[in-house]
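Colleague: Before we go through this model, could you take the terms in turn and set each value against its cut-off?

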Amino acid sequence: MGKETGFLELDRQDRTYGPVDERLKNYKEFVVPLSAETLKGQASRCMNCGVPHCHTGCPVNNIIPDWNHLVYEDDFRNALQVLHSTNNFPEFTGRICPAPCEAACTLNLIDEPVTIKSIECAIVDKGWSEGWITPKIPEAKTGKSVAVVGSGPAGLACAQQLARAGHSVTVFEKNDRVGGLMRYGIPDFKMEKHLINRRAAQMEAEGVTFRTSTEVGVNVSVSSLKDNYDAIVFAGGAEDARKLQIPGAELPGVRLAMEFLTQQNKRNAGDDELRAAPRGSLTATGKNVIVIGGGDTGSDCVGTSNRQGAKSVTQLEIMPKPPVHEDKAMSWPFWPLKLRTSTSHEEGADREWAVLTKRVVGDNDVKGLECVRVEWKDGKMVEIEGSEFTLEADLILLAMGFVGPKKAGMLDQAAVELDARGNVKADTQVYQTSDEQIWACGDMRRGQSLVVWAIREGRQCARAVDEALMGASELPR
């Protein structure tokens, strides 16, 4: 694979970013791609390691060494074919995946992994620019129909695979545009939404029908889907957000991160303020913003707040500060616990670890947030005596994760069995629920997770549905 001495001759060189002062003025992507020559050199670093742990690090099992070698040989068209053989939407993962494949790369043992994510993104971007990506229309229809509920990455991947197998597929989406969390939860500066639009257009040409502004369990009943479709796939998200259970959390200045991010994405899409913010505008302009939650959603709130002109931004995390560098002997080739600093953090934010929130200060409006520092003793979180402090705040955004899918409406009507965590119960072999006509995949089945895991589950679920409907399937697993 690649050039046998490439990793010895070249250091890792990844994509760069536009200057902070420029990118804070808009919501456009700001990644600067590698030049063609640099990209070829970086692909040559794939070292023929013998046991490519990158395969197992990647949830969709991308055949990474193969397309690295093809890029090294300047054969992007075949590289694209290999890439698409395992991943329906590499332009999504090439932008917003945290790249567990790179953590698993053998060269990560010396902190010099191959720039897999950047190469992946370059392959698919070139595929689109060259016109190589076209609809794959099935030669014949099966006469079977499938309803897919949810148009996030799991639903889209499942629907596209089933349509290519010849089934008539209808995707139901409760929002006004397709894309799910990628559309309204991921800021445009990380992934612009025309990328979703062109995939949706490709899928429509392949025979997929999209029914937006249609919530199953509200506008359409589960029983009607069962009457009109041979199979149903639940591919919604884990949308039940974890709440802040402290005094004052009911104040109007304490809001969910998803509401905040969705409003801005809708403004970017051209929606007027009434459509973007039906409950009233939620902005960080001129405010002291506190983001509770140290994950990617919290980081997205930081970047959006700074673009809106926040007075200050502070991000709180209840867990201790991770180490700057992981212990390779303990973690490799698995995803390590280590300090990660996003581009949004670099744009400006105070970050605090091991902080427990105690009370929101304010009467009608939020004025501050009382906190205390914590430590762990014998596996238990203990407040540190005398460490109490209060942060000034006008807006508190909750980015503390999700506890599972919403139950009211669709899941209540379907009455499918749930697992101990409140997710729809289904295994990863057949993805079938306790109702033999209903399958489930993605976050609704596994809980909140990565886009790349959702794509994997959508693809595998599609094969399971195809096998159930036809007795056998040629779809890849």
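**The second largest pocket and its surroundings**

Modeller: In this predicted model, the lining of the second largest pocket receives at least two residues from each of α6 (76–84), α10 (153–164) and α12 (194–205), and α6 gives the largest share, five residues.

Colleague: Which residues lie nearest the centre of the second largest pocket, and how do the lining residues divide into nonpolar, polar and charged?

Modeller: Of the 16 lining residues, Leu80, Gln81, His84, Trp132 and Lys136 lie nearest the centre, and the lining as a whole divides into three nonpolar, nine polar and four charged residues, around a space of about 280 Å³.

Colleague: What makes α10 largely enclosed by the rest of the structure?

Modeller: A residue is called buried when its relative accessible area is under 20%, and eleven of the twelve residues of α10 are buried, so the helix is largely enclosed; among them are Pro153, Leu156, Cys158 and Leu162.

Colleague: How do you know that the span of α10 agrees with its twelve residues?

Modeller: At 1.5 Å a residue the helix should span 16 Å, and because its end C-alpha atoms are 16 Å apart, the two values agree.

Colleague: Why is Glu326 called buried?

Modeller: The relative accessible area of Glu326 is 6%, and the cut-off for buried is under 20%, so the term applies.

Colleague: What makes the pairing of the Glu326 and Lys338 side chains a polar contact?

Modeller: The distance is 3.3 Å, and such a pair of N or O atoms must lie within 3.5 Å; the side chain of Glu326 also makes a polar contact with the side chain of Lys328, at 2.7 Å.

Conventions: Residues numbered from 1 in each chain as written. Predicted model: local features only at pLDDT ≥ 70, side-chain atom pairs only at ≥ 80, totals over all residues. Heavy atoms only, no water. 1 Å grid on protein atoms, 1.4 Å probe; cavity = no way out; pocket = protein on both sides within 12 Å on 5 of 7 lines; lining within 4 Å. Points joined across faces, edges and corners; volume = space filled by probe spheres on them. Helix = DSSP H or I, 4+ residues; strand = E, 2+ residues; numbered from the N terminus. Nonpolar A, V, L, I, M, F, W, Y, C, P; charged D, E, K, R; others polar. Expected span 1.5 Å × (residues − 1). Buried < 20%, exposed > 50% of the residue type's maximum accessible area, 1.4 Å probe, protein only. Polar contact = N/O pair within 3.5 Å; in protein donor to acceptor, adjacent residues only side chain to side chain.
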